[in-house]
Amino acid sequence: LHRRIGRKGAWAMQRPTDDEKRARSLMLTSQLVAGGGAGAITKTSIAPLERIKILMQLEGMTHAADRKYTSLFQSLKTVLREEGVLSLWKGNGANVVRVVPVYALKFAFNDEFKAIVRRFRAEQSAAAVAAGGAATRTKLSFGERIAAGTMAGMFQIVVTYPLEVTRTRLTLGPGLGLQYKGILDCMRKTVRSEGLAGLYKGLGPTILSGAPYVGLQMTGYDTVKNFATQFDALSRVDEKTGKRRPILVASLLCGALAGVIAQTITYPGDTLRRRMQTNGANGAPRVYKNTMHCLRATVANEGVAGLYRGVVTNAVRAIPGAAIQFMSYEALKSVIFL
């Protein structure tokens, strides 16, 4: 990257110094570590609720007339009775392998895209001052924060999507007649029976719902967190950086609120992507021709409510999940001097 200093319409280029490059590299590494650690902690904590939610989302594909999973507690009892306690964490090992890069990239991309916008704003302001005008706004607007979060979500999804499909299939396992020995076995069987494209099933609805979800989540969290730092009871001054940071309880509440709002808004897209990810899995007959057919068939067979199947379980899952995610990220950032 470079700095641009404007003077009467002319732009001069200046490359970053070695110290600036090292500082940015250290910052990015720290963001990846904090984000990856937050992801592993979060997913392990809420794995049972995550599995129940996915089972409820996908049941309409094969049990439209006679539902096996009707509510959160009934589904928990059914899974415990049929598969045992440890089954609630089925696929969690693979999920942790998946979410470490997912969360690391999500937070790192989000922070990096926000930094790019801030640098652009600072350059505009410096150019205005150099031209004899007044300094312009350098603080990110609400729309710019959403754009940064959405771009972060899109990049993260494209990079890690094969792991997302693999994790979904490993979580379901025998429930849909799928038998895999592990991550590599699942990938091999998927490619062998469905081609390389099988690892990217549902990518369209995932981008359409997942990227805005990340944008809404990250922006919502930033907005609520910034509001919390205005109150002494909810924040403190970090001795290392001199900046105000929300206390852990405030981070938990901010993360929970941001997560519930973002996931509820984008939930129909999440249901569609889960169904497309398992559509024709392991060589089974395809239930849906494409995403639009999935949408039409789901609404026709189950009503609009079919798109929101498991949404209550998702909200229950999202509250501790989002809270733990952001709280652990803030805690890890403090530990590694961000």
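**Entry 1**

I began with Lys90, which forms a salt bridge with Glu83, the closest N and O atoms being 2.8 Å apart. I took a salt bridge to be a side-chain nitrogen of Lys or Arg within 4 Å of a carboxyl oxygen of Asp or Glu. Lys90 counts as partly exposed at 26% relative accessibility, and Glu83 counts as partly exposed at 32%. The classes I used are buried for under 20% relative accessible area, exposed for over 50% and partly exposed in between, with a 1.4 Å probe and protein chains only.

I note that this is a predicted model, in which local features need pLDDT of at least 70 and side-chain atom pairs count only at pLDDT 80 or more, while totals for chains, interfaces and linings use all residues. Residues are numbered from 1 along each chain as its sequence is written, and side-chain values use heavy atoms, with hydrogens and water left out.

**Entry 2: the fold**

I counted nine helices and four strands in the chain. These are DSSP runs, helices being H or I of at least four residues and strands E of at least two, numbered from the N terminus. Along the sequence I read the pattern β-β-α-α-α-α-α-α-β-β-α-α-α.

Buried residues make up 47% of the 338 residues. Taking contacts (heavy atoms within 4.5 Å), I looked at those between residues at least 6 apart in sequence, and 72% of them join residues at least 24 apart.

**Entry 3: the surface**

Accessible areas come from the Shrake-Rupley method with a 1.4 Å probe; for residues, only the protein chains shown count as cover.

Met151, Met154, Phe155 and Val158 form a nonpolar surface patch, and together they have about 310 Å² of accessible area. Such a patch takes residues with over 30% relative accessible area and no salt bridge, with nonpolar side chains (Val, Leu, Ile, Met, Phe, Trp, Tyr) joined within 5 Å and like charges within 9 Å. Met154 belongs to helix H4 (residues 142-172) and is partly exposed at 32% relative accessible area.

**Entry 4: further salt bridges**

My count came to 22 salt bridges. In one of them, Arg121 pairs with Glu144, the closest N and O atoms being 2.3 Å apart. Arg121 lies in helix H3 and Glu144 in helix H4, so the pair ties together parts 23 residues apart in sequence. Both Arg121 and Glu144 are buried.

I then examined Arg273 and Glu164, whose side chains meet in a salt bridge (2.8 Å, N to O). This pair links distant parts of the chain, with Arg273 in helix H7 and Glu164 in helix H4, 109 residues apart. Arg273 counts as buried at 14% relative accessibility, and Glu164 is buried at 5%. I found both in a network of salt bridges that links Glu50, Lys53, Glu164, Arg167, Asp270, Arg273, Arg274 and Arg317.

**Entry 5: cavities**

I found two cavities of 30 Å³ or more. On a 1 Å grid over the protein atoms alone, a cavity is a set of points where a 1.4 Å probe fits but cannot get out, and lining residues have an atom within 4 Å of a point. Grid points are joined across faces, edges and corners, and a volume is the space filled by probe spheres set on the points.

The largest cavity has a volume of about 500 Å³. Of its 34 lining residues, Lys43, Tyr213, Asp270, Arg273 and Arg274 are the closest to its centre. Helices H1 (18-58), H3 (92-130), H4, H6 (203-228), H7 (248-277) and H9 (311-335) each supply at least two residues of the lining.

Key: On a 1 Å grid over the protein atoms alone, a cavity is a set of points where a 1.4 Å probe fits but cannot get out, and a pocket is an open set with protein on both sides within 12 Å along at least five of seven lines; lining residues have an atom within 4 Å of a point.
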